[in-house]
Amino acid sequence: MSSPAEFYQSLPPITKAYGTACLVVTVVCQIGLLSPADIAYFSILDWQVWRLITNFFFLGKFSINFGIRLLMIARYGVQLENGPFQRRTADFLWMMLFGALSLLVLSIIPIFSSPFLGISLVFMLLYLWSREFPNANINLYGLVTLKAFYLPWAMLCLDVIFGSPIVPDLLGIIAGHLYYFLTVLHPLAGGKNILKTPAFIHKQVMKWRIGAPPPSSVAQQQDRATGVAFRGRSYRLGG
């Protein structure tokens, strides 16, 4: 079994960076060096522009729920980045950025207003993972075994039962399905893919030298037809 340090080093770059940022920000807030109010997001028109970013790194105070969210990043985010997004770091980064932008826009709607959108972004990762691996069997807290396809809804129901707000989870599902629709369902129905990873994202990732080397030219040519790495699974659930 690998050590914690070896496990950490083995994590893919974007998931590792996001998970680390969430842990550091939460620790800093927990010990009182920073107030959550200083990084909260209140309005998309707020002149304190850092709030548009920092609010995604706070997953709540130390609690069981915080641990669960961090584990969701470590499991579902890692499996996405190492699976359908393997060797496609730019596409995974663009997916995260699109999700964050979608959540910021959705939060303008009064009923979806939330000062922290980190939980929603994590839930978006869970939703996309459940669409990529819908037939995986998941044991939910040792209580019930269900298909991964239903996991986001089961987690949402559990959060409601235990008194957590429903809005963050619901926002994540909406943002995740929007990405899934634009990258999988709409193109499968004959529509044009309008969510290709911008060239500047690819250039920035190459500049940072993060992730694995890009795929072969053959794979790149195949991806130009869709423009994204995420495929989703549009088939029915198996028995």
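Author: Let's begin with the whole chain. Of the contacts in the protein chain with a separation of 6 or more, 70% are between residues 24 or more positions apart. Please keep in mind that this is a predicted model. The protein chain has an average pLDDT of 85, and 86% of its residues score at least 70. It contains 11 helices and 2 strands. Read from the N terminus, the order of the elements is α-α-α-α-α-α-α-β-β-α-α-α-α. Buried residues account for 46% of the 239 residues in the chain.

Now to the part you asked about. How many salt bridges does a search of the whole structure find? There are 2. As a general idea, side chains of opposite charge can pair when their charged atoms come close.

Take the pair of Arg-69 and Asp-159, which form a salt bridge whose closest N and O atoms are 2.6 Å apart. Arg-69 sits in helix H5 (residues 64-82) and Asp-159 in helix H8 (residues 151-161), so this pair ties together parts that lie 90 residues apart in sequence. Are these two residues buried or exposed? Both Arg-69 and Asp-159 are buried.

The other salt bridge joins Asp-169 to Arg-69, and here the closest N and O atoms are 3.8 Å apart. Asp-169 belongs to helix H9 (residues 167-188) while Arg-69 is in helix H5, so this pair ties together parts that are 100 residues apart in sequence. You can check the burial with numbers, too. Asp-169 has a relative accessible area of 1%, so it counts as buried, because the cut-off is under 20%. Arg-69 has a relative accessible area of 5%, so it is buried by that cut-off as well.

If you follow the chain on from helix H5, you come to the loop between H5 and helix H6 (89-106), where Arg-87 is found. Arg-87 is not a glycine, yet it has a positive phi of about 65 degrees. With a relative accessible area of 40%, Arg-87 is partly exposed. Arg-209 is in the loop between helix H10 (199-208) and H11, and it counts as exposed at 77% relative accessibility.

Helix H6 also takes part in a packing contact. Helix H2 (residues 13-30) packs with H6 at an angle of about 40 degrees, and their axes are 9 Å apart. That angle makes H2 oblique to H6. On the H2 side the contact is made by Pro-13, Ile-14, Thr-15 and Tyr-18, and on the H6 side by Thr-89, Phe-92, Leu-93 and Met-96. Of the residues in this contact, 6 are nonpolar, 2 are polar and none are charged.

One last thing to look at is confidence along the chain. It is highest in helix H7 (residues 118-132), at a mean of 96, and lowest in helix H11 (residues 217-224), at 47. Over residues 234-239 pLDDT stays under 50, and the model has 11 contacts beyond four places in sequence for that stretch.

Methods. Residues are numbered from 1 along each chain as its sequence is written. This is a predicted model: local features need pLDDT of at least 70, side-chain atom pairs count only at pLDDT 80 or more; totals for chains, interfaces and linings use all residues. Side-chain values use heavy atoms; hydrogens and water are left out. pLDDT is the predictor's confidence in each residue, from 0 to 100. Helices (H or I, at least four residues) and strands (E, at least two) are DSSP runs, numbered from the N terminus. Contact means heavy atoms within 4.5 Å. A salt bridge is a side-chain nitrogen of Lys or Arg within 4 Å of a carboxyl oxygen of Asp or Glu. Buried means under 20% relative accessible area, exposed over 50%, partly exposed in between (1.4 Å probe, protein chains only). Axes are lines fitted to C-alpha atoms, for helices over the stretch in contact, and angles run from 0 to 180 degrees between N-to-C directions. Angles under 35 degrees count as roughly parallel, over 145 as roughly antiparallel, 65 to 115 as roughly perpendicular and the rest as oblique. Ala, Val, Leu, Ile, Met, Phe, Trp, Tyr, Cys and Pro count as nonpolar, Asp, Glu, Lys and Arg as charged, and the others, Gly among them, as polar.
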